[in-house]
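Dear colleague,

Please find below the structure I am handing over to you.

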Amino acid sequence: MKIIVPIRPRSVAELEILLRKIDKRVDIIEVWFDIIVQELMMAPGLITHIQSLLTRSKIEQQVEVLGVCKTAAEKGSFPGNASQRVELLTEFLNLGGNCIDLDVSQNSADQIQTFDPEKLWLSYHDFQTVPADLNEIKEAMKKFSPSVYKFAVTPQNQEQLQRFIDFAQTVKEPAIFTTMGPLGLKGREQLKALTWGAFYALSPEYTTATGQPTLEDLN
């Protein structure tokens, strides 16, 4: 199972600090650009500095770097439109990022197809429940041939959680299964044997979803 650590820096300076906190247990760093992008727009020269930070992390810490840029609908705060998000993530890959994650429900087919499938994680989020049509959603995602699928849902009761676990058992492709909300932590524990990767925050103050464990929980 891949250990993925999400970081959501509020500035380029904080990005550098957070990258230095990554240890050898981590396989993938997920960098949220939804806040930091405003600083980059005001000081484009910082792009080169970010490139050096990412390169150093990949070499020194032997990790892959995943880029995401989330809107308010995805519990992020990116102020731009979908085309601007695609442009930013394309630049991230050009700077040496390994892959990017797009939500299938928040991006058009044309925008998703902009990216090389080998560098594409395609995700689906439901912050309210576990939808009944997970199989149909998965089939819709399949036409883009992503390298990794991700399903993040919010079970409201044990029946919904079990239904999500049953669905996870049917997926043969590399896929991340994660849960949020009151049953988030319980669901993540039960899905460990089925998920390709799992998210662990650096510490409690850096969690990016309800029910998300921290690196201390790996101990």
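Tyr 149 counts as buried because its relative accessibility is 3%, where buried means under 20% relative accessible area, exposed over 50% and partly exposed in between, with a 1.4 Å probe and protein chains only. Please note that this is a predicted model, in which local features need pLDDT of at least 70 and side-chain atom pairs count only at pLDDT 80 or more, while totals for chains, interfaces and linings use all residues. Residues are numbered from 1 along each chain as its sequence is written, and side-chain values use heavy atoms, with hydrogens and water left out.

The structure holds eight aromatic pairs (rings of Phe, Tyr and Trp, the last by its six-membered ring, with centres within 6.5 Å; planes under 30 degrees apart count as stacked, over 60 as edge-to-face and the rest as tilted). One of them joins Tyr 149 and Phe 151, stacked at 6.5 Å centre to centre with 5° between the planes. Phe 151 is buried, at 0% relative accessibility, and is also stacked with Phe 177, at 5.9 Å and 10°. This second pair links distant parts of the chain, 26 residues apart: Phe 151 lies in strand β6 (residues 148–153) and Phe 177 in strand β7 (residues 175–179). Helices (H or I, at least four residues) and strands (E, at least two) are DSSP runs, numbered from the N terminus. Phe 177 is likewise buried, at 4%. Tyr 149, Phe 151 and Phe 177 belong to one aromatic cluster with Phe 164 and Phe 167.

The ring of Tyr 149 also has the charged end of Lys 138 over it, 5.2 Å from its centre (NZ of Lys or CZ of Arg within 6 Å of the ring centre and within 35 degrees of the ring normal).

Two cavities of 30 Å³ or more were found in a search of the whole structure. A cavity is a set of points, on a 1 Å grid over the protein atoms alone, where a 1.4 Å probe fits but cannot get out; lining residues have an atom within 4 Å of a point. The largest has a volume of about 110 Å³; among its 14 lining residues, Phe 177, Thr 178, Arg 188, Ala 198 and Phe 199 lie nearest its centre. Elements giving two or more residues to this lining are β7, α8 (184–190) and β8 (197–199). The second largest cavity has a volume of about 60 Å³, and β4 gives the most to its lining, with three residues.

Yours sincerely

Definitions and conventions: 1 Å grid on protein atoms, 1.4 Å probe; cavity = no way out; pocket = protein on both sides within 12 Å on 5 of 7 lines; lining within 4 Å. Points joined across faces, edges and corners; volume = space filled by probe spheres on them.
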